Amino acid sequence: MAFPHRLDAPELPDFSMLKRLARDQLIYLLEQLPGKKDLFIEADLMSPLDRIANVSILKQHEVDKLYKVENKPAVSSSEQLCFLVRPRIKNMRYVASLVNADKLAGRTRKYKVIFSPQKFHACEMVLEEEGVYGDVSCDEWAFSLLPLDVDLLSMELPEFFRDYFLEGDQRWINTVAQALHLLSTLYGPFPNCYGIGRCAKMSYELWRTLEEEEDGETKGRRPEIGHIFLLDRDVDFVTALCSQVVYEGLVDDTFRIKCGSVDFGPEVTSSDRSLKVLLNAEDKVFNEIRNEHFSNVFGFLSQKARNLQAQYDRRRGMDIKQMKNFVSQELKGLKQEHRLLSVHIGACESIMKKKTKQDFQELIKTEHALLEGFNIRESTSYIEEHIDRQVSPIESLRLMCLLSITENGLIPKDYRSLKTQYLQSYGPEHLLTFSNLRRAGLLTEQAPGDTLTAVESKVSKLVTDKAAGKITDAFSSLAKRSNFRAISKKLNLIPRVDGEYDLKVPRDMAYVFSGAYVPLSCRVIEQVLERRSWQGLDEVLRLLNCSELAFTDMTKEDKASSESLRLILVVFLGGCTFSEISALRFLGREKGYRFIFLTTAVTNSARLMEAMSEVKA
């Protein structure tokens, strides 16, 4: 069932150091306000903070009470207030309102704002405008790498996707460069570097600048990680828009995994209480099923339950001494495994119930048809029916985007009709969302007769020098074509299957989508690793609109051990799905690599659509 690891799979670096660094830095910042203080924490920093420093650690450093940053007056009676927040304008207004309220009441206290992961000039400007800049001390907690698992690091910046890919806001690129710089400081330089996408290129260049400024720190260090990949999310929207069918992906789609843990409600725990479960390699049951196709999970869990029962039954014939040994050595482990088993069986049942109600088979069939380019009319009717039945505004949007990207934009007639039906069904307040999706290239309308491409090709022939690149940029943004069919053929993303695809013994990465599709992002990584560069992939880069945006940087590999050259760090800018993680773990096992993932946040189709939506759920 669980894939066997190759004997020679390289060891993963120990990322617990990142947690210790973050904790020590936070404690150092808190201690700069000596004495008792109250701490105000922004909601979306609570889960990451909990993984780094729990309440008892904060208490040890004289944090008295904890409050959530919300839009209401503070009830704190402490003489010192500390705010741990993201660098957002609304947070600055909140801090300013508290300070000004204190001034009116004639109260003097000390205020400290700790920005995470970095502070922006705009935030200090707001404090200045509100007249409180002199009363507040500002600091930054450069915490941008949270180890969620042995091979998964997250920057926990879900807003990165919208900020960069919709608003064109580049402020987080510095955070990415700093994170990469920290990794190369701790784990040695990266001998081979590949990247694709505009954001990847900018992050890489800024990171290189940081390395040059502090030259000498990593000189002479042995690299622990041999290759690093930087990949923009918009290079492959299709994979992120598909329904996930590996167990971890399905748990994320159904229950939302947040910061590496999930809240299972009463429908899973079969009691009246919810249960927070940490999902990582330490959960032995989960670790064996996380990358499995869902159809195999039940069989595995029931087999496990039988084995467990057999181990319990061994007690029957024991004498007192054996019984004593059993209780002291095995019982605790068995009980723990039993608890985890029942949780995952409960989760599977709950997923099955929801998916049967939603007619999941029919949905997956439509997605596969869209990926392969068959029965487009039937698929369009399915989406229309989905909209008319008001199944879910987010799901309907996702299917429309999948149709648009796989078809290289919708025919104007279809675009208008689907948009009209959607707005009638879910409300006109979604109008702005359509504008966002169009700007991001997720839901577009084909230009009449596609005359643009002819003009475009003439212009791009004229424009060969870099200086005039802006003109081609302007054209490519006018017609950012997805070219999905052509890329799919070129990279063989839809596997030819003779007979039934065996999901129990997968033969390629397509198993993460039931054998119907190999994730484009993963295929690109596989191809580049085989060639050790982008050579021979010019046509693919052209179709991806990334001819100018792919780079390879290879330095001397003589310091790198053969062990480190099989360790590969993949950086997803704009989010990464559990399907992609499972696919690359599979590729690693096939080829004797180990992949490590760094993502701005873990994402899925619903999060992607919510980021683009102007209607807050």
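At what angle do helix H23 (residues 520-531) and helix H25 (residues 578-591) pack? Select both: the angle is about 30°, and the axes are 9 Å apart. Axes here are lines fitted to C-alpha atoms, for helices over the stretch in contact, with angles from 0 to 180 degrees between N-to-C directions. Helices (H or I, at least four residues) and strands (E, at least two) are DSSP runs, numbered from the N terminus.

A caveat before moving on: this is a predicted model, where local features need pLDDT of at least 70 and side-chain atom pairs count only at pLDDT 80 or more, while totals for chains, interfaces and linings use all residues. Residues are numbered from 1 along each chain as its sequence is written, and side-chain values use heavy atoms, leaving out hydrogens and water.

Next, show side chains between the two helices. Ser521, Cys522, Ile525, Glu526 and Glu530 of H23 meet Glu580, Ala583, Leu584, Leu587 and Lys591 of H25, contact meaning heavy atoms within 4.5 Å.

Now jump to the open sheet of five strands, ordered S2-S1-S3-S4-S5 with parallel pairing; two strands pair if DSSP finds at least two bridges between them. Colour S2 (63-68) and S5 (136-140): these are the edge strands, each with a single partner, so one side of each has no neighbour in the sheet. On average, neighbouring strands are turned by 20° against each other, direction ignored.

Zoom in on S3 (residues 80-85) and S4 (residues 110-115), parallel strands joined by six bridges. Pick Leu84 and you'll find its bridge partner, Ile114, in S4.

Last stop: helix H2 (residues 43-52), which packs on the sheet and touches S1 (37-41), S2 and S3. The direction of H2 makes about 110° with that of S1.
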